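Reader: I've got this one open on my screen and I'd like to learn how to read it. Could you walk me through a few features?

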Amino acid sequence: MIMSSSAARCINTLPPLLSVSKPSLVLPSFLLLPRAVPLSLCTKNNRYFSCSQYPQPSRITRYPSVLATKGSGLLEKGKEEREKKVKQEEMTIGSSIKISDRKLLVKGRTLLSDVPDSVFTSSAVSSGPVDGVFLGAEFSEPSSRHVVPLGTLTDVRFLACFRFKLWWMSQKMGSTGRDIPHETQFLLLESKPTESQTDTIYTVLLPLTDGAFRSSLQGDSDDSLSLCIESGDSSTLSSSFSHPLFISTSNSSDPFEAITGAVSSVKNHLKTFRTRPDKKLPGIVDYFGWCTWDAFYQDVTQQGVEAGLLSLSDGGTPPKFVIIDDGWQSTEPDQSEDSESKSKSKSTDSPPVSRLTGIKENSKFQSEENPREGIKSIVRIAKQKYGLKYVYVWHAITGYWGGVKPEMDGIKSYGSQMKYPKISPGVMHNEPNMKTDMLTLQGLGLVNPKNVYEFYDEMHEYLAECGVDGVKVDVQCILETLGSGLGGRVRITRQFHQALDASVSKNFKDNGIIACMSHNTDALYCSKQTAIIRASDDFYPRDPASHTIHIASVSYNSVFLGEFMVPDWDMFHSLHPAADYHASARAISGGPIYVSDAPGKHNFELLRKMVLPDGSILRARLPARPTVDCLFTDPTRDGVSLLKIWNMNKYMGVLGVYNCQGAAWSSIEKKNIFHQTGSEALTCDIKAKDVHLISEASTDSDWNGDCVAYRYGTADVIVLTNDTSIPVSLKVLEHDVFTVSPIKDLGFGCKFAPIGLIDMYNGGGAVEGLAYHLLGGVKMSELDSGYGGRETGILNPGNGNPGFEAVGMVCMEVKGCGRFGAYCSVKPRKCMLGSSEIEFSYDSKSGLVVIQLESLPKERCHKVVVEL
């Protein structure tokens, strides 16, 4: 959630000028050792520097050169050995990455040219799915900020995820170093085949946290690529870094495998975070929800919450969770006597910042009948009267937008003090209005990091006692601006997140937490608990330029964020000109689905395309991401590309196609703007393999790649044989969704593929079980030979198989209710629902079988049998 300019929104201030010293990157000393010498001997008596163990900050904290075991990245201290190694013309680590003739080569192809002679890799990772190296750097003087030139980048295609705001990432595509923005936190490079090498190579660059420092990539006008390493604290200095950057490539031509392998390698190295598959998902991800933000903003009340729940429930799409957003807490505008903040506030006519005055609810959530009951009243009403399973509430990671009010009685015990945010130069470059932001000028009340667990625990324990199940924790990136005098940005971020994780684990047993405004790697690389993260800047219902931008941003950001958590593609309005566009994207996103409709303003017809009558949803199994052929094209700016987004259900895939052209974030105007684009429809081809893991949905180990695609927009059933494609044409803000299901060949001309609930965007998610059985009505030899006597391979398409006994049976477990569809090359002999035969329709031209499931199953799933 982003506040308007007139409301309190946490941000920062321009830092003091920092010196940038000339770098001298150093060859690791373990490369000089004879092979017979064990690495364990080389670390004896060396000092280790752990990211989780910081010296207490003094006026100046100088971090020494670091020696560590292989996998941590060694840097040698001996000047003579460094000079000796700088003179070497070639260095090779593992089998795929080396520096030779001033080129950084990946599997023999040039990644960077004009690499400085002082640049060396610092350690290798040769096991697992990727080959990778760390880059280490040593400088002549300690500083809180260094910039390291790495070489020239040209003639490759890249996808960069960079922070265009302090809080949020977006995507950028290009082919040269100058195209790479400041604050790039993820970089994927594509190297095309050569005459001698026929495969495409994908290389991942991940700038990391290294001790008290955090890194990011940035390009320069001469196409050079640089690494920025900074602590965020002028008193936290270092001249030596062992692993600020990880570079890796996959052992296969699979970009998603390369990304997953790179993040996994970094996880094993840093040991400070966990990846998405290792985290417990909160229950809200499988249910429909409602958030109060766009319905009420900060004017939310207990009565408003109940009105919204009643309104949605009456329409047949009952929410099963609610997020009570900003507006429930006890806060107070700043009346500070601080002359500095008062003069700054007057100079910009900004309203006084509101700060938290206590951990309990405000008077709007205290009922007249029983004021002491507090927020417990609406929680009880939500669960008992409206059948909600989960109630979440919002708070900022510092308590509120302006932090806490240090002098208040309910706050004094936390040892809080006023801090003024200091913005990093990279963020300031991308978002210069941070200089005059409200919090930059008026400051933030920061709980003492030593007491922050007590702060979280007291607030969360109170909420849990009231029946609250989780929290949406917002404004998280503000922490990076508050590390001055506290050991730097990495340290303070880790302290707050460790305390937050511990409190959530203690008080919310379902791991009830959503991370928001949290797109910095300081937080990502210390995330051990949180399993849901908002994927992009907000849904802005009143900004017509934002809607295409939003869909593109959430999908590309999910390429990186999806390795750490389940991306949340944000709330939206069901009654809105772009509602269908947003709804279909949420349905295939793999994340939670919730709206922010005002009471009485709903499109229930649209909601029923995502929500079942019991409030559950058909959630896809992975974070949705762009297809491989879309990773390096810009679907918002290039005027020719459509965006294809893929995901997986248990037995089939789903593919969304979106026209996102016509608007983009302007790096000059620093806002979403329209740009010139054609009014005609754009066209792309889709094929079954666009669903990247579609082979994993097949029940056959020798599946030939043939699929059925069900096009939601036209209700067409299309057979896609292996490597064939069909064209799709869409105008701006148009979209379509395809369910892609592997075809099972039962022999004897019988082919089958389930489709799912055909009136829902992600109907394929309804199929929870699938089994095929051959029966005794025909000889196996006939089945194996494809006996049927027709060149079309379709046996009696209009009349099924009345002259033979049943040859096959398809058994399915189906969640939900509505029209269930499947593809069948012959008319089924009969269909069964449980033990009863049920009517069905069959279209002999398309092969579409439709069964009406009138109501929700009494148990978990319907048992559906199709006999062939």
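**Reading loops and cysteines**

Author: Let's start with a cysteine: C811 counts as partly exposed, because its relative accessibility is 22%. Buried means under 20% relative accessible area, exposed means over 50%, and partly exposed is in between, using a 1.4 Å probe and protein chains only. Before we go on, this is a predicted model, where local features need pLDDT of at least 70, side-chain atom pairs count only at pLDDT 80 or more, and totals for chains, interfaces and linings use all residues. Residues are numbered from 1 along each chain as its sequence is written, and side-chain values use heavy atoms, with hydrogens and water left out.

Reader: How many disulfides does the structure hold?

Author: General idea: a disulfide is a covalent bond between the sulfur atoms of two cysteines. Here the cut-off is a pair of cysteine sulfur atoms within 2.5 Å, and the structure holds 0. Take C750: the closest cysteine sulfur is in C824, 6.6 Å away, so that is too far for a bond. C750 is also buried, since its relative accessibility is 1%.

Reader: Which backbone atoms does the side chain of S825 reach?

Author: Look for polar contacts: pairs of N or O atoms within 3.5 Å, where within protein one must be able to donate a hydrogen and the other to accept it, and residues adjacent in sequence count only if both atoms are side-chain atoms. A polar atom of the S825 side chain sits 2.7 Å from the backbone oxygen of G749, and the side chain also reaches the backbone nitrogen of K751 at 2.7 Å. S825 is buried, at 4% relative accessible area, in the loop between β44 (818-824) and β45 (830-833). Those labels are DSSP runs numbered from the N terminus: helices (H or I) have at least four residues, strands (E) at least two.

Reader: What joins the side chains of D334 and R355?

Author: A polar contact of 2.5 Å. D334 belongs to the loop between β20 (329-333) and α6 (339-348), and at 13% relative accessibility it counts as buried. For contact, look for heavy atoms within 4.5 Å; setting aside neighbours within four places in sequence, D334 touches P352, V353, R355 and K405 in that sense.

Reader: Where is K107, and is it buried or partly exposed?

Author: K107 is in the loop between β5 (103-106) and β6 (109-112), and it is partly exposed at 22%. Its phi is positive, about 55°, although K107 is not a glycine. D223, another non-glycine, has a positive phi near 75°.
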